[in-house]
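Here is a friendly briefing to read alongside the model. Please keep the sequence and the 3D view open as you go.

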Amino acid sequence: MADEHIVDALVIGGGPAGSITAYEVAKGGYNVLMIEKRAEIGIPVRCGEGISKEILPILDIEKDPSWICSEMDGARIISPCGNVMVIGPEVAGPETGFVIRREIFDRMLAERAASAGANLWVNAEATSFERVENGAVVRCIHDGKDVEIHAKVVVAADGFESQVARWGGLNTALAERDIDTCIQYEMMGVDVDPKYVEFYMGRRFAPGGYIWSFPKGENISNVGIGLNATLIKRGGDPKRYLDDFIRNNDRFSKGIITEINAGGVSVGLPIEKTVADRMLVVGDAARMIDPLTGGGVYTACISGQEAGRTIVKSLENDNTSAEGLGGYERAWRDRVEDQLVRNYLAKEKLLDLDDEVLDKVIEGLSEYDLKEASTQELLKGILEKHPELVNELMG
Ligand SMILES: Cc1cc2nc3c(=O)[nH]c(=O)nc-3n(C[C@H](O)[C@H](O)[C@H](O)COP(=O)(O)OP(=O)(O)OC[C@H]3O[C@@H](n4cnc5c(N)ncnc54)[C@H](O)[C@@H]3O)c2cc1C
């Protein structure tokens, strides 16, 4: 016989999306439990650890050196033949970001939720979901024991490999073209500008993806690669591409690898429906990742915030049906959907672009006086410097 536990809201997954949802529900005065299958929040890290500075006002948190390693001024985009486009602080604005210690960031968010009154179980893995009258029952293994959790609403915050949303009848299937496989080394002894992230673009470096260097300090950087799954099926090996890049680049070749992490990211559009009776889906589980950059922490935070606020309203109205939770779908789409769709279209274009074209585009943009870091402004720059390429890029 399983132990029984009753809560208003159950959040499955203790990443940023889950912790922020739990925080908002607890702040609203309701009884919320977050369960995390790992033994420790935030570990192992599977992240390049770059996030936008906008995260601070959005989450109403202060800059904190315990989780911020370095603050960026801008970005350098490097083309296959080595042309460099610099996006400096005056253009990048809040679009630049921090490079963080993700394990401490995740832990801070979970602790914030707990301080607001949320309960948290680690070593607790959800194994099934079933709708019942006025709620749902989730079975979970907590510290080796079977537990049945009764909740009025359940949040699928279980990340890229999510199963919970599928148990709730929502379609989270991904096309192969919409998956990137990533591998990253944290490296010390590398020659990096500690104020600039770098992106190496084009088939020469990373077909259907890019190589990044996110500096964590003077001589330390997260150096990683994302490769499109369609290429991996045809024999592409992200580790080989990354190792070749490091070996052939004097600034990285003498570095020492201190950590390796790997994982998948979705680079498609978010799932069509993120709400069902008694269920909401947040963060990576809902495929809310920026398809161009593979960054998902920002959108995980936005979706968690909107999910938590919607749950509070639905509990106040005693209505956790799909209709009662429907405000969530509108709220997160209002905040991030346009940007995700725009970047999805840009990513689709980049996937098919030849290295020669990319060389010309980046060369042209490096000579253009960019006013802001937006797709529209980039297209204006290309129109001015290489009008012959605009049709190719827009077609
Ligand atoms: C190599 C790599 C580099 C990346 N770099 C960046 C970057 O630089 N910047 C950026 O913004 N994003 C980056 N991302 C993406 C980013 O890590 C995710 O978008 C982000 O973690 C999403 O947060 P989340 O809370 O939705 O999911 P997650 O952080 O994945 O959290 C989900 C949690 O659910 C738990 N869980 C899963 N199943 C269950 C279950 N059945 N029961 C209980 N718990 C469960 C998991 O253990 C996990 O802790 C990167 C991803 C990868 C793989």
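Angles between axes under 35 degrees count as roughly parallel, over 145 as roughly antiparallel, 65 to 115 as roughly perpendicular and the rest as oblique. This is a predicted model, where local features need pLDDT of at least 70, side-chain atom pairs count only at pLDDT 80 or more, and totals for chains, interfaces and linings use all residues. Residues are numbered from 1 along each chain as its sequence is written.

**Two domains**

- The domain assignment (bounds come from an automatic or database assignment) gives domain 1 as 3-46 + 103-174 + 269-347 and domain 2 as 74-100 + 176-266.
- Between the centres of the two domains, taken over C-alpha atoms, there are 30 Å.
- Contact links 11 residues of domain 1 with 11 residues of domain 2; two residues are in contact if their C-beta atoms, placed from the backbone, lie within 7 Å.
- On the side of domain 1 that touches domain 2 there are 6 nonpolar, 2 polar and 3 charged residues. Here Ala, Val, Leu, Ile, Met, Phe, Trp, Tyr, Cys and Pro count as nonpolar, Asp, Glu, Lys and Arg as charged, and the others, Gly among them, as polar.

**Around the ligand**

- The ligand is surrounded by 39 residues, the closest being Gly13, Gly15, Gly159, Gly283 and Gly296; a residue is near a molecule if its C-beta atom, placed from the backbone, lies within 6 Å of it.
- By class, the shell has 16 nonpolar, 15 polar and 8 charged residues.
- Elements that each give at least two shell residues include helix H1 (16-27), strand S2 (32-36) and helix H9 (297-316). Helices (H or I, at least four residues) and strands (E, at least two) are DSSP runs, numbered from the N terminus.

**Helix H9 and its partners**

- The axes of H1 and H9 come within 7 Å and cross at roughly 30°, so the two helices are roughly parallel. Axes are lines fitted to C-alpha atoms, for helices over the stretch in contact, and angles run from 0 to 180 degrees between N-to-C directions.
- Among the residues that meet are Pro16 and Tyr23 in H1 and Val297 and Arg309 in H9. This contact has 11 nonpolar, 6 polar and 2 charged residues.
- H9 also packs against helix H10 (residues 327-351) at about 150°, with axes 9 Å apart, and H9 and H10 are therefore roughly antiparallel.
- Residues making that contact include Thr299 and Ile302 of H9 and Tyr328 and Trp332 of H10. They divide into 6 nonpolar, 4 polar and 3 charged.
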